[in-house]
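I want to look things up one at a time and write down what I find.

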Amino acid sequence: MRFRKRVRGGNMQALVKYQLGEGNMELREMPEPAAGPGQIKIAVQAAGICGSDLHIYHQSIKIPIVPPVVTGHELSGRVVEVGEGVDDVRVGDRVTAEPSAVICGKCRYCRIESYNLCPQRRVVGYSWNGGFAPYCVVPRRCIHRLPENISFEAGALTEPLACCVHAIIEMTHVAAGDFVAITGPGPIGLLALMVAKAEGGIVCLCGTSRDRARLARARELGADYTVNIDEEDAGSRVRSLTDGYGADVVLEASGFPGGGRLGLDLVRKQGKFTQMGLYPGPFEIDFVQIAYKELQVTGFLAQKRSAWERALRLMAYGRVDPRSVISHEMPLAEWRPAFEMFERKESLKVVLKP
Ligand SMILES: [Zn+2]
Ligand SMILES: [Zn+2]
């Protein structure tokens, strides 16, 4: 049986990056989108502000932005319209959506389900209208149903959680008993903490004095150790906890050059260093340590279906609860104070409600 419901188009208030360059974002009237063939229209219930949304605001990210575009790529909501040819998603379904809105399906990455690396990839919130709006339309392929016990707020954070699953489980292969040092206790650092703990890691989270509240939250969430690097030498602390060797795994989640440099110091010889944060540009780092320490250095970009399915299972079975990184829920109209608060590190994850 197929359910189709035409929703009459009008205008809606959406947070739009209207031109490349610093800033250039505002709430604007945009036409309410309709679901084309193979597409799903979602009434957005929650949309998370990501560190990369600040990069979009400041134009400091390498992922192509095609303005004018509705921003927001961490979203959840209810299906309100189902396009022609879709018979397995229904009006009323509670869903979240992957941001890989366009992929070619033919390149070597798409053929092995690593479509997050497809050169033709168009990303929700960058070059495809996103979730900082009352409505958002995506292809059926992007849709994941939310299990009943996952709230819309948690569901909106499936995207960053799937990033952590992809980076930590699929790429880095953290194993039980690994000593894992994480630099940067922001939302990604804290989600990384939860995923590393779910994998059985012993986790030490490093932050600065500005991160005091975030480090306290990390302890509540089960961090085995936290280090305030302004008060304590993180290298000596981590080495003293690891018989002088250093961390088996470093997850760099700060996106600040200092975090990258610290991570190279914390990781042990033959250890693993995974870059999770996105630096705004190139910076100086003692790269030769990769040779001296025989490091395995890993990167990752976004996520793919396998990571989404695992992230949803981790939430559904209560192994990870991303709501614990949400500090504020605010109406979309208050996006500017929300962005500013996040940038000043006065909040953790902020979820906007259209
Ligand atoms: Zn994100
Ligand atoms: Zn491709």
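The entries below go from the whole chain down to single residues.

**Entry 1: confidence**

I note at the start that this is a predicted model. I looked up the confidence next. The chain has an average pLDDT of 95. I also see that 97% of the residues score at least 70. Where does pLDDT stay under 50? I found that stretch at residues 1-7. The model has 11 contacts beyond four places in sequence for residues 1-7.

**Entry 2: domains**

I checked how the chain is divided. Domain 1 takes in 11-145 + 321-353, and domain 2 covers 166-298. I read 28 Å between the two domain centres, taken over C-alpha atoms. How many residues does each domain bring to the contact? Domain 1 brings 11 residues and domain 2 brings 14 residues. On the side of domain 1 that touches domain 2, helix α1 (residues 51-58) gives the most, with 3 residues. I sorted that side of domain 1 by residue type: 4 are nonpolar, 5 polar and 2 charged.

**Entry 3: helix α1**

I stayed with α1. Its buried residues are G51, S52, D53 and I56. What covers them? The cover includes β1 and α5 (187-198). I then stepped just past the end of α1. There Q59 has a positive phi of about 55 degrees.

**Entry 4: a cis bond**

I went on along the loop between α1 and β4, where P68 lies. The peptide bond from P67 to P68 is cis. I wrote down its omega as near -5 degrees.

**Entry 5: an open sheet**

I looked up the sheet that holds β1. It is an open sheet of 3 strands, in the order β2-β1-β4. The pairing is antiparallel. Which strands are at the edges? They are β2 (25-31) and β4 (69-70), and each pairs on one side only. I counted 7 bridges between β1 and β2. I picked out one pair: Q13 has E29 in β2 as its bridge partner.

**Entry 6: N24 and M25**

I turned to the loop between β1 and β2, where N24 is found. N24 is not a glycine, yet its phi is positive, near 55 degrees. Is N24 buried or partly exposed? N24 counts as partly exposed, because it has 16 C-beta neighbours inside 10 Å.

Next I took M25, which is in strand β2. M25 has 22 C-beta neighbours inside 10 Å, so it counts as buried. I listed its contacts, leaving aside neighbours within four places in sequence. They are L15, V16, K17, Y57 and T71. M25 and L15 are 10 residues apart along the chain, and their C-alpha atoms are separated by 6.8 Å.

**Entry 7: helix α11**

I moved to helix α11 (residues 335-343). Its buried residues are W335, A338 and F342. An α-helix has 3.6 residues a turn, so residues three or four places apart point the same way.

After α11 comes K345, whose phi is positive, near 60 degrees.

**Entry 8: strand β14**

I went to strand β14 (residues 247-252). I found 6 of its 6 residues buried, so β14 is largely enclosed by the rest of the structure. I then checked its pairing. Strand β11 (residues 179-183) and β14 run parallel, joined by 4 bridges. In this pair, V180 has V249 in β14 as its bridge partner. β14 also pairs with strand β15 (residues 267-275), in the parallel sense, over 5 bridges. Here V250 stands opposite F273 in β15.

**Entry 9: A302**

My last stop was A302, in the loop between β16 (296-298) and α10 (305-316). A302 is not a glycine, and its phi is positive, near 55 degrees. Is A302 buried or exposed? I put it down as buried, because 21 other C-beta atoms lie within 10 Å.

Notes
Residues numbered from 1 in each chain as written. Chains lettered and ligands numbered in written order. Predicted model: local features only at pLDDT ≥ 70, side-chain atom pairs only at ≥ 80, totals over all residues. Domains from an automatic or database assignment. Contact = placed C-beta atoms within 7 Å. Helix = DSSP H or I, 4+ residues; strand = E, 2+ residues; numbered from the N terminus. Nonpolar A, V, L, I, M, F, W, Y, C, P; charged D, E, K, R; others polar. Buried ≥ 20, exposed ≤ 12 C-beta atoms within 10 Å, placed from the backbone. Pairing = 2+ DSSP bridges. pLDDT = per-residue confidence, 0-100.
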